[in-house]
Amino acid sequence: MEFTLLIVIIVLALIFDYINGFHDAANAIATVVATKVLSPFQAVVWAAFFNFLAYWVFGFGVADTVAKTANTLEIDLVVILAGVIAAIIWNLFTWWQGIPSSSSHTLIGGFAGAAIAHAIAVHGFFGYAVIEGTEIHTAYWYDTVNWYTAGKNGGFPSGVLIIIAFIVLAPLIGALMSYLISIWLLNASKRSIYPKIFTVSLMLLTIWFVESQMVYFDEIKKPRFDSQFWSVVFESHNIKWFLVAFIVLSVSSFCLIFSSLNLHQSTYWLKKMQLLSSAAFSLGHGGNDSQKVMGIIAAAVTVYIQTSGIAQESLPNWLDVVLPDENGAFKMPDWIPLACYSAIAAGTLSGGWKIVKTMGSKITKVTSFEGVAAETAGALTLYFTEHFKVPVSTTHTITGSIIGVGLTKRVSAVRWGMTVSLLWAWVLTIPISAILAAIIYYIFSIFI
């Protein structure tokens, strides 16, 4: 029974990943479709390719955060099953209504809601004894969820409260970055030496920063090649920062020649740059959102190992999953990330045209100029939040970025009525998903 539940959860998690792909496809392709840089079909193929390419770029930091949303020692497989089903239901409902809600937050909300329902069903609202090592302490139903965990060695904290905080912070960061990039581009179009001085300074600063983030050969635990050079070049941590440098330096190079271009030439190059910016955002989308499903599958396998009583050593290689503790690294068989990246890429190929319309035209009118600024800002936001292992919403990020470029024209350029409606969907996603998952958990508990 336990093994059957595990297989069902894995299949449903991959179905959710597929739905996530077509639900969130609009995030990456709405602006390139709206500006007619690519046809809808070309755009989804372009986005799907970079969704899958993210497999070689990103690690498992976000997956680890999601896997630890609830204490795996305190839950069972029914909890994860209920959470995934609730997430699928909410995703399909919001897709049907054309609402660009967060697939990430519905998954987190569903997982946390089912975990809390399980804790209340088993322990009630009263305290119960928990043994950790040699210590015994009292825990309560709300302790099942990892609300907040301080970062190790001064690192970034994690937990559901941090994820909730980024419901606000991710779109704000995206909006601020896209606003600043837009202002930078606008000033670069003027025949003045000062924007060029700023651009060259930014290029030098970017090179210095990326070099400081590099992991060199003696620090790589599992080099991919015998050659030290290629091992450093293709280390996933380094690839991500190379991409950041490539994006910033590409936009900077355009800014250096922007003032010498006429309208036709600048429009031509901005449309070419949209291909770069949408590819960068699709890469971030794939890396960020696929990892959340990896985390759910990893948590399910971990719970299966704990509840089945099977020794870790006797498991087949395809179930050899280890969640990290203070001393260990996240261990995950290759089929999990490959399956997750394949599922989200396939989902992106299926499109999601209702949300494309909302993102590409109903928030603000988008030109190639705004598309480059919004997608570049969104991509950089996703890369930096992934670096800090924060599972943010790609939907919230790109929406905030589109709003940011709209604000550079005038406040009224943003259709605030539509934006307020989206904000309500964002705020309600986690609690509705949690309540739905709790109800599903209690129903399943009767029969399973």
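Entry 1. Helix pair H6 and H13

I treat an angle under 35 degrees as roughly parallel, over 145 as roughly antiparallel, 65 to 115 as roughly perpendicular, and the rest as oblique. I am working on a predicted model. I looked up helix H6 (residues 160-188) against helix H13 (residues 368-387), and their axes cross at roughly 135° and come within 8 Å. H6 and H13 are therefore oblique to each other. I noted the crossing of H6 past H13 as right-handed.

I then listed the residues that meet. From H6 they are Phe166, Ala170, Ile173, Gly174, Met177, Ser178, Ile181, Ser182, Leu185 and Leu186. From H13 they are Phe369, Ala373, Ala374, Thr376, Ala377, Leu380, Thr381 and Thr385. I sorted this contact by class and got twelve nonpolar, six polar and no charged residues.

Entry 2. Helix pair H6 and H14

I next took H6 with helix H14 (residues 394-409). Their axes lie 7 Å apart at an angle of about 40°. That angle makes H6 oblique to H14. H6 passes H14 in a right-handed crossing.

On the H6 side I found Ile167, Ala170, Pro171, Gly174, Ala175, Ser178, Tyr179, Ser182 and Ile183 in this contact. On the H14 side I found His396, Thr397, Gly400, Ser401, Gly404, Val405, Leu407 and Thr408. The classes here are eight nonpolar, nine polar and no charged residues. As a reminder to myself, an α-helix has 3.6 residues a turn, so residues three or four places apart point the same way.

I compared the length of H14 with expectation. At 1.5 Å a residue its 16 residues should span 22 Å, and the end C-alpha atoms are 24 Å apart, which agrees. I also looked up burial: 13 of the 16 residues of H14 are buried, so H14 is largely enclosed by the rest of the structure.

I repeated the length check on helix H11 (residues 335-349). Its 15 residues should span 21 Å at 1.5 Å a residue, and its end C-alpha atoms are 21 Å apart, which agrees. I recorded the buried residues of H11 as Ile336, Pro337, Cys340, Tyr341, Ala343, Ile344, Ala345, Gly347 and Thr348.

Entry 3. Helix pair H9 and H10

I turned to helix H9 (residues 236-258) and helix H10 (residues 263-308), which pack at about 170° with their axes 11 Å apart. H9 and H10 are therefore roughly antiparallel to each other. H9 passes H10 in a left-handed crossing.

The H9 residues in the contact are Leu243, Phe246, Ile247, Ser250, Val251, Phe254 and Phe258. They meet Ser266, Trp269, Leu270, Met273, Leu276, Ala280 and Leu283 in H10. By class I have twelve nonpolar, two polar and no charged residues.

Leu243 is in H9, and its relative accessible area of 23% makes Leu243 partly exposed. Setting aside neighbours within four places in sequence, I found Leu243 in contact with Val57, Leu283 and Tyr383. I also took the C-alpha separation of Leu243 and Val210, which is 9.7 Å for residues 33 apart along the chain.

His285 is in H10. Is His285 buried or exposed? His285 is buried, at a relative accessible area of 1%. Beyond neighbours within four places in sequence, His285 is in contact with Asn20, Asp24, Asn51, Ser290, Ile344, Thr348, Leu382 and Thr394. Among these, I had already recorded Ile344 and Thr348 as buried residues of H11.

Entry 4. Lys389

I looked at the loop between H13 and H14, where Lys389 lies. Lys389 is not a glycine, yet I read a positive phi of about 65° for it. At 43% relative accessibility, Lys389 counts as partly exposed.

Entry 5. Whole chain

The chain has 15 helices and two strands. Of its 448 residues, 54% count as buried. I took the contacts between residues at least 6 apart in sequence, and 80% of them join residues at least 24 apart.

Note on methods: Residues numbered from 1 in each chain as written. Predicted model: local features only at pLDDT ≥ 70, side-chain atom pairs only at ≥ 80, totals over all residues. Heavy atoms only, no water. Axes fitted to C-alpha atoms, helices over the stretch in contact; angles between N-to-C directions. Helix = DSSP H or I, 4+ residues; strand = E, 2+ residues; numbered from the N terminus. Left-handed = near helix turned anticlockwise from the far one by under 90°. Contact = heavy atoms within 4.5 Å. Nonpolar A, V, L, I, M, F, W, Y, C, P; charged D, E, K, R; others polar. Expected span 1.5 Å × (residues − 1). Buried < 20%, exposed > 50% of the residue type's maximum accessible area, 1.4 Å probe, protein only.
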